[in-house]
Amino acid sequence: MNAVNETILIADLMEKSGVKFGTSGARGLATDMTDRVCYAYTIAFLSYLEAKGEIHCGDAVAIAGDFRPSSPRIMNAVAMAVVDGGFTPLNCGFIPTPAVACYAMTRGLASVMVTGSHIPDDRNGIKFYKPAGEVLKSDEEVLSRSTVTLPPSFDAEGFSVAAPALPPALDTAEKEYIQRYLDFFPADCLKGRRVGVYQHSSVDRDIMVAVFEGLGAQVTPLGRSLTFIPVDTEAIRPEDVALAAEWAAGGDFDCIISADGDGDRPLISDEHGNWLRGDVAGVLCARYLAATHVVTPVSSNSAAEKCDWFEHVARTRIGSPYVIAAMDDAVAEGGKKVVGYEANGGFLIATHIELNGRTLAALPTRDAVIVPLAILMLAAESNLTVSGLLTTLPQRFTCSDRLKAFPTEISQARIAGLNSGDEVADREAIAALLGNIFGEVVAVNDTDGLRITFASQEVVHLRPSGNAPELRCYNEAASEERVVEMNRTCMEILEGWR
C-alpha cells in the first residue's frame, strides 16, 4: 500500500494502464482495470462535474453494473471514489445501462455504469453519465487532461485494501424502467403475440420478460446462462444464429428478442428466427415513433434516406457520443421528434415522443427495449409479420464482421495506405486491393475509418474498432446473398493485412 497520497495525470494513467476512452466509455482488460485505475477515472469524472457546477457535495451518484465477474469489484472501486469525493453512492444493482441512466437523469444525478457491453468478459469498462446524459467526446478530452490525487488505499498491484464502500442495492431504477414502457404503450397491446426472450447473460433478460408480459404477450425465456456470453448485436455469433433458428422452428414465435450484456443494444428476429440488422431495426423503430429527424452513423445502411419517411437524416462518426451531439444540433435547429440509432441497434431519443395520447420521455442514450416493442407494434398495425414488415423498406442489406486480435495501430496504418490525401494515388490503391472484385470507385468517405462506394452502389467500409483490438468491415448491397458474399470476400482479403 502507498504510504502517502499520489498525484497523477489521467492521460499518463491511460497510457500506462491501457485503459482508454473508446467509442463507448473507458475500456480495457479486466486485469488492467485495477481498483486504483477505476477510482482515478471516477474521481476525475466527479471533479469535472463539480467544477462545472453540475453536481454538488453530498449529491447521490447512481452506480450499476453488468454480470461479468469483474463488475462487482469495479463497482466498489467506483463507490470508494464517490465517497472520497464527498458524494453519496447509490447502488442500483445489476441493471441495463439505459435503466440507470434514465433513473439518474430524471433526478438530475450523475451516474456510472460498469460494463464492457458486448465484448468478452476478460475485458470490462465504465460508462459515465452527466446529469443531462452521456459524457461526450469533448468531455473525455478534458477528463484526459485532468490531474487527480489518490489516497494510500491500494496495494502494489493497484487493488483496494479499504473497507467495501458499495451499499446494498435498491430496485427502484429497475422498476421505473419497466414502468416507462408499460405507461407508454396501450394496455394489452401485445395480447396474442408470442415472444421468445434469449436471456443469456444480459442484465436486460428479466426486464424484457416483465415488459412484454406486462403488455400482454406470451413470453418464453430461452437460453439463460450463469456464465457471461459476449453477444455482439453487430457481429452476431454463428451460435446465436443457430439458436434463434432452432427456437423459431419449435416455438411458433412472432419474434425472438434479446440484448447485449448491458442491455443497450437490441436483437430482434423475424418469425423464422432470422436476426434483423440493427440499422434495419432502427429505421423501423423510428418509423413507428413518427420521427421527424433521424441521426445515424455512416456505418448504417442507406434505407433511412431512401425510404423518404423522415424530414431530415444526418450521418455521423460511429459511437453514441457523436450521434448525441448531432441530435442536440437537430433539437437546437427546431427538430420536433429527434431520434438516433446505430448499426448495432441501439436506439436514442432526444425529444419527448407523443403517440396515441401518451408520452415517452426523452432518453438520449442507447436503449434496447424500445426497439422490439416498436417493431411488434408497427407489424401489428400494418397487419404484417416481422418478415413482411421488412419488405416495406428499400432493399438495402448490410453485413459486417471483424478480425479479432488485430492491433489498432496496424488497422490505422493499413487504412491510411488507402487514404493518404492524394486522391489519384488513393483510388489506385483501392483499385489494386478491391477493384477487380467490386469495380469502379465513385465515392470515398473518411468520416470514420474509410467508407468506399462503388459504381454498383455497393459499399466496403473499413474501420478499427474503438473498443478492442479489432478491424471491422461493413458492407452494403442490394441483396442479402450478395452482401454476405461481399463480406466473406473482404474478410479473406483483410486477413492478408495481418
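Is Phe-310 buried or exposed? Phe-310 is buried, at a relative accessible area of 12%; here buried denotes under 20% relative accessible area, exposed over 50%, and partly exposed in between (1.4 Å probe, protein chains only).

The legends describe a predicted model, in which local features need pLDDT of at least 70, side-chain atom pairs count only at pLDDT 80 or more, and totals for chains, interfaces and linings use all residues. Residues are numbered from 1 along each chain as its sequence is written, and side-chain values use heavy atoms, with hydrogens and water left out.

**View 1. The ring pair of Trp-309 and Phe-310.** The whole structure contains 10 aromatic pairs, where rings of Phe, Tyr and Trp (its six-membered ring) pair if their centres lie within 6.5 Å, and planes under 30 degrees apart count as stacked, over 60 as edge-to-face and the rest as tilted. In the pair of Trp-309 and Phe-310, the centres are 6.3 Å apart and the planes stand at 85°, so the arrangement is edge-to-face. Trp-309 is partly exposed, with 22% relative accessibility.

**View 2. A cluster of rings.** Phe-184, Phe-185 and Tyr-288 are linked into a cluster by ring pairs.

**View 3. Arg-68 over the face of Phe-228.** Arg-68 lies 4.2 Å from the ring centre of Phe-228; a charge sits over a ring if NZ of Lys or CZ of Arg is within 6 Å of the ring centre and within 35 degrees of the ring normal.

View 4. The structure holds 0 disulfides, a disulfide being a pair of cysteine sulfur atoms within 2.5 Å. For Cys-102, the nearest cysteine sulfur belongs to Cys-92, 11 Å away; Cys-102 is buried, at 14% relative accessible area. The sulfur of Cys-189 lies 12 Å from that of Cys-255, its closest cysteine sulfur, which is too far for a bond. Cys-189 is partly exposed, at 22% relative accessibility.
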